Each structure stands twice: as structure tokens, then as C-alpha cells.
Amino acid sequence: MLAAPSSAETGAAAWLRYAPVGETGSGRTLPRHVVLLGDSLVLRTAQQELVRGLDGMLGGAMSTATNQIKKNSIVLVTRPDLDKLPLSLHPAAALGPEGFWLTDAKLHGHDCLLIIGGTDRGVLYGVFALLRKIAEGANVKNLNEVQAPAAPFRWVNQWDNLNGTIERGYGGKSIFFEDGAVRADLTRAADYARLLASVGINGCSVNNVNADPRMLQSDFLPQLARFADAFRPWGVKLSISVDFSSPKAVGGLSTFDPLDPKVAEWWRRKVDEIYRLIPDFGGFVVKADSEGRSGPSSYGRSPADAANVLARALKPHGGVVFYRAFVYNHHLDWRNPKNDRAKAAYDIFHPLDGKFDDNVIVQIKYGPIDFQVREPVSPLLGGLEKTNEAVELQITQEYTGQQRHLCFLAPMWKEVLDFDLHAGRDGTPVKDLVAGKTFHRPIGGFVGVANVGSDPTWLGSILAMANIYAFGRVAWDPNLSAGAIAQEWTRLTFGNDRVVAPTIAAMQLASWHIYESYTGPLGAGTLTNILGSHYGPGIESSERNGWGQWHRADHEGIGMDRTIATGTGFIGQYWPAVQRLYETLAQCPDELLLFFHHVPYDYVLHAGKTVIQYIYDSHYDGAEEAQKLVEDWKSLKGRVDEERYATVLAQLEYQAGHAIVWRDAICQWFLRMSGIADVKGRAGHYPNRVEAESMELSGYVSFNVTPWETASAGKAIECPAPAKSCTASFHFDRPAGRYALDVEYFDQNNGESKFRVYIADRLIDEWIANDHLPTTKPDGDSSTRRRIQGVELRPGDEIRIEGIPDRDERAPVDYVEIFPAVR
Ligand code: GCV
């Protein structure tokens, strides 16, 4: 029997839907009376949330009380308040300030379920944990569960600009800023804080790390206080990114030298001013001396000098500085084979170990380059023994498909967090290093770059929300498995249907590897257009420039030699046990081979095939697996509400088409570069394809696409101004039957062309190219597939495409592909 799908949903509720579940699975009848012992803003939020959740999921009249227990109840209480009761209850493990304990006890003769928090925030997290169990249909009988977060800092960073745009944001406009000011309506900011709190996130920095100095202007600060008001009920601390040149840029000083007493005094006064308005302000995030941002190097000072001047201003108020280790020279000389951007963070920060104040946390991207689909763990994470650190993960999918491609990142994050850096001894995984356990640091934690926006789905994709969920969950408990997290998220988001939950969880779990296999396998980096969108393929954009994301592919081979013996020496930044893993070809795992070694295309991998054949195979396999995601999703029709079903299906269909664009771009490019054929004969051969430039053109003209590999055979057609409409046609020359027809066209963001497809003068499909892909050109970002299913064709039929251009989008078409059967 099919489970009744819930009514149409937009995705806005994310995993906090509180859809009816019934009490059958929970193993008990839960009290409908919620008692709060003690009082605080966060405790009241916790009580309201519990009522809201139980009401939605279990129904029944809910009642609440404060400080009195008259019947069986769910009791919310902090540990200090519990200790005032005539009870002798002791949790099995320490709660710490943010931990909680779910347990049953008799209070004043009544059977009660207690949610005990170390502080009020612990109570709130306990409430969400109980609600999560109920939503998942878990047994909540005889509870006795203690949980505490792995690390004290679990923050998200937003990269929102004051004008309302979001750097690397793919979910619409900012929910925080518009037109240079804080938005009048912060309802969504408050809703966001609720989502964050539900997975234990306790801080949010609201503005871009490429920070606008105006953030610190005295007339702007009262606006910031409104964010804190929206976050406070949820125990989420407000923090902001600051421009390091602010003392000069907005403070009127002639310098921002961190060792100048006037500068230190300016920061001190500015921080005091902030805390007068926002007493629970969290602190600052700093990006300095990076990608054109000002920094201490202007005065010959170090990142420690810079971080400490801020830290000393924040210290009396309990604030912290997250100083980002993403500092590198983006004008590196690419001709010098010893230059290596990957070395920058360690080279700069390792010598400063021990020089940072104790309220500074060095925030380190998980890999040494920049959020690529596969990177080794940053050696700096194991290279700071006397400094607090946090790992920076990227929730927003900048290099991993920008939420248009499904790419669930928990499996990658788990690999990073579980990786043993052998920092002085065995058993020093990243999760312990950042939690301060390895070197006994007082603070540290996890930072996720989230970049939610005004889109109803927050990230622009319903399925991508699993990444925010997963970030919160791994930051709370890095020992959770990616599979468990995927299951949890799916059940909360789509319900407990016996087919839906495992199907979606399996899709999520497969998706990172799928994305990797059609974009950048073997550790070469995401072979994307690194100079622009970071989205579609753009293989040569990495090379011959100072950005240092080189893969060094040429006619002979591919990969960066980062060995100690012959390369850049990057491997030498790791502890010896890790050096041994990467230094030799014999040991180096295939998945990171090209990150560490330059090899010829015919080098044979541990997997038993040559590098070039692996490149071909993985791209063909990956594109097929992307298509399989579509089929998997289709198997859920009728089990998921229609609205979310249709939205997700359209995204997955798009992804499957774009995976082919990736596949073909990379295979064509490497075929030409290596001169080595695909042993399976696929690369460069498309038997079902009719190139647009070879069709009969009326008005349309052929042109060369750049980069060439992003169009089939490097060419496409466009309808040049002033033409109002153009056509391209050809005759079908295969046996009569039912076919699927793919039209590959380019959907730029500077026009909305119309397309019509006719078979023997009969209109069979029409559409408008009105997506908002990140390009104004026909290229690998805009190349899009329109699939027309079930087309009856007879030999000799004319297939005609009519393109009607709009503004600068000249209805470009790449090819038509016809398949003998519906795929
Ligand atoms: C906010 C990458 C991104 C930039 C980002 C930077 C950073 O380079 O492309 O948009 O800037 O990382 O993390 O600071």
C-alpha cells in the first residue's frame, strides 16, 4: 500500500515539517502537557517548539505550565534548576553547557519525561532531539540518553553583501540585507536561526568575508542589533565579518597597522560600542591578505598581530576572532614548477603557532586549495599545536554543482573529519584536532559556509538542504555516519515511507561520487571554469595564470608534482606517516593521484586501468549514474507530494543533461590533448547525434564556441541580429519507430529565446530558455538539454528547429540527438 503523500509543500519547512506521524512507533503515549521549570527567552522558545512539534506530529490538545507540575508532563529544566529539586538524578555522562539528558522520572508523584539541559540552550537542543526521534518514528520509551556537542563552536558563515546579493549563493537574494541596509522584515532570518538551532548550530556570521567596511559604521550598528534580536530566542550568536582596514576605511585613521596603539584603541572602542548594543555578540570573522583584501602584510605584520589586536578588544566581552587561514598569493608565477598555492596556508600559519591569543580560532578550509570536489586534508589542520582551530566546510556548492547538481557532501566531510593526520602520534583525526582534544585546546570547532537565500527552499534546491542538516549534525557529533545522517534527513523531510526513505538516502549517498566522476576525477580538481562561474567545464581556465589551481595537463600527462623528492615539496608539510602515504606512486591512492603526482596518460592506476581510460570511463559512468538518479526519483511518484516531486524531478533531469555536457567536454579535451583513443570507442563519437552546424540552416549561422570543448565538435549555431526567427532542419534517415529526441541548446542569462520543434510541419514541442544559469555566453555553463519523449518518426521526416532570439541570447543550438528507444 502506498503511504499517503503529504499535501503540496514548497520545501520552506525543510526538515522541521512536523507532519502527522501517529504514536504507534514511539512505544509510549507522550504527555500533552509541557512544563517549564525556570525561565529564559531560550527556554520559552524550547517550550513553544515542543508544543508546535507535538501538536503537528501527534495532535491532541496541548497545554503548558510554568514552574508547577500537576499531572504527567514533559518537563524542561536546566541542570542547575534541576539540582534545586528534592531529587537525586545524575546523568551517565557530563552534559557540559550545551548538552542534554532525556530521561524519565517521577516528579511530585507524576510520571514525567525530563529534558534536562546543561543550560537553556541544552534544553532547546534536547527538545529538537526528542522531536527528531518522534518524527523518525523512533522508540522513545524508557529514554535515558545524554548527548553533548563535540566542540563549543559550530557556526555558519553567510557571504551576504549589503546590496542583497550573496557571493557564491545559489538560493536567491539575501535574507539579511537589501539596498545597502538590513532588511526591514527579518522573519526569514529568525526562521533560519530556528533551522540552525534544530541541528545544534550556535553562531552565524551574516556578511561576506569580503567584508564591506560600512558594517562597522556607527550608524549601521543599531541595524545589526536587529539580527541579534532575531537569533537570540534560538541561542544563535550573531557575528560579523570585518574588513581589516576598517580603522582607516571608516574610522578616519591614517593607518590600520595592528601594532599602532591608535589602531588598537580604535578596535577597542568599536567593540565596546558593539557590545553596548549587542551584549551577547559572538565576535569577528576575518579574511585578510587574501584575494585582494587588505591585511597586516601592508605594514609587514603577521596574521597573529592582526588577529590579536581584534582578540584583545573582544576578550573582555567574551568574544572570539575566527581568523581565516585562506591566505595566498593569487599572482603566482605559473611557469615556476616549484610554486604551489597549496603550500600557502601552512607556510604562513605554522610558524605562528603559539602566537595567537586564546580567544583566536584559526579557521582552516578542509583542503589546501579551495573547496574542490576532492582534495587531501589541509596539512595545517595537523600543524597547529598551540593554536585553536576550526575546520571550514562549504555547504553552498560553489564547486560541486551549485545546488543544480545533487551532491550530498556528508560523505566527503566524514572522510575529512575521520582522516588521521598522525599529528605527533597515531589517532589524531581532524574531528579531534578541531575539537581541541588532541592538543588540549580550550576552544575550536566547525564552520560551514551556508549561503542560504530568499528562495522558498533556502538553498535553491530541496535535496541540497541535506547539506545544511548534515553540517549541523557532524559538527554536533562527528562520529555519526553519513548514512545515518542521510536517513535522518530524508525521514524528517519526506516522511517514513518504507520506499521513499531508503531511496532518497541512497541517492544522496551516491551523489558526491557521481558528481566527482563526471567533473574532476583522480584528484585533478574540479575541471571547471575557475576564472568565472566555477560551474560548467572550463579545463584550461586553471592553467597559465596566477590563481594556482593548476592541473598541468599537456600532451604528455597530467597532475601536479607535489612530492618532496621532485616536486613542490607540499607533501613535506604533513607529518611523516601521511608523507609516506602520498609521496610514492606505489602508495598514493588513485583518488588523489593527480593532486600529488604528474603522470603520463598511460600510467596504470591501482584500479588496473590507465589514467586516460579512467578519465573516459568515469565520465561515461558518471553521466549514466546521473541519469539513474532520475529513474530512482521517478520510482517515488505518488509517494512524495506532487509539488516537491515535480521540482526535484526537473532538477535531476537538468543535472543528467548537464552531466553529458561535462562528460563530452572533458572526454573531447583529453582525447585531443593526449591523442589516445577511448578503448571503448565512445569519446568523440556520437552516432545518434546531428550537429546543428551540419543541418540545413535558414537564418542561423555557425560559430565557434569558447572554450571549444563545451560544444559538440566545438561549434554551434546562432540566429544573428536583426533576424527575428531562424530555422535549422534535417531529414530523419533511420527506421520508423518511436524515439526520444534531445535538443542541446544554450540558455544564457541575457535573453529568453523561444524554441519550437516540428516534425514534418507538426509542432511537437516548444519552450522558452528562461533559466538563470551563470553566463551571458553559449558555453559549458549555459548548455542545456531539452528531452522530448515518445516521438513517432518515419524515414524522410523533416525535423525542424525554429529559434526565436531575445536580446543578446541568439537562440543558440548545439546538436540534436535521437535515441532508438525511450531511455
Ligand atoms: C568569499 C573562493 C571563492 C570566493 C570566496 C573565497 C573565500 O575563492 O571563489 O568567492 O570569497 O573562496 O573563501 O574567501
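Student: By class, how many nonpolar, polar and charged residues does the lining of the second largest cavity have?

Tutor: A cavity is a set of points, on a 1 Å grid over the protein atoms alone, where a 1.4 Å probe fits but cannot get out; lining residues have an atom within 4 Å of a point. Ala, Val, Leu, Ile, Met, Phe, Trp, Tyr, Cys and Pro count as nonpolar, Asp, Glu, Lys and Arg as charged, and the others, Gly among them, as polar. In this case, the lining has 10 nonpolar, 2 polar and 2 charged residues. This is a predicted model, in which local features need pLDDT of at least 70 and side-chain atom pairs count only at pLDDT 80 or more, while totals for chains, interfaces and linings use all residues. Residues are numbered from 1 along each chain as its sequence is written, and side-chain values use heavy atoms, with hydrogens and water left out.

Student: How much space lies in the second largest cavity?

Tutor: A volume is the space filled by probe spheres set on the grid points, which are joined across faces, edges and corners. For the second largest cavity this is about 120 Å³. Of its 14 lining residues, the closest to the centre are Ala325, Phe326, Ala345, Pro368 and Ile369.

Student: What is the volume of the largest pocket, and which residues are closest to its centre?

Tutor: A pocket is an open set of points with protein on both sides within 12 Å along at least five of seven lines. The largest pocket holds about 1,000 Å³ of space. It is lined by 32 residues, and Arg404, Tyr654, Asp771, His772 and Leu773 are the closest to its centre. The lining has 10 nonpolar, 13 polar and 9 charged residues.

Student: Which strand gives the most to that lining?

Tutor: Strands (E, at least two residues) and helices (H or I, at least four) are DSSP runs, numbered from the N terminus. Strand S27 gives the most to the lining of the largest pocket, with 5 residues.

Student: Which residues touch the most other members of the largest nonpolar core?

Tutor: In soluble globular proteins, nonpolar side chains tend to be buried together. A nonpolar core is a set of buried Ala, Val, Leu, Ile, Met, Phe, Trp, Tyr and Cys residues joined through side-chain atoms within 4.5 Å. Buried means under 20% relative accessible area, exposed over 50%, and partly exposed in between, with a 1.4 Å probe and protein chains only. Here the largest core has 224 residues, and Trp15 and Trp633 touch the most other members. Helix H18 supplies the largest share of this core, 13 residues.

Student: Why does Val75 count as buried?

Tutor: Val75 counts as buried because its relative accessibility is 0%. Val75 lies in strand S3, residues 73-78.
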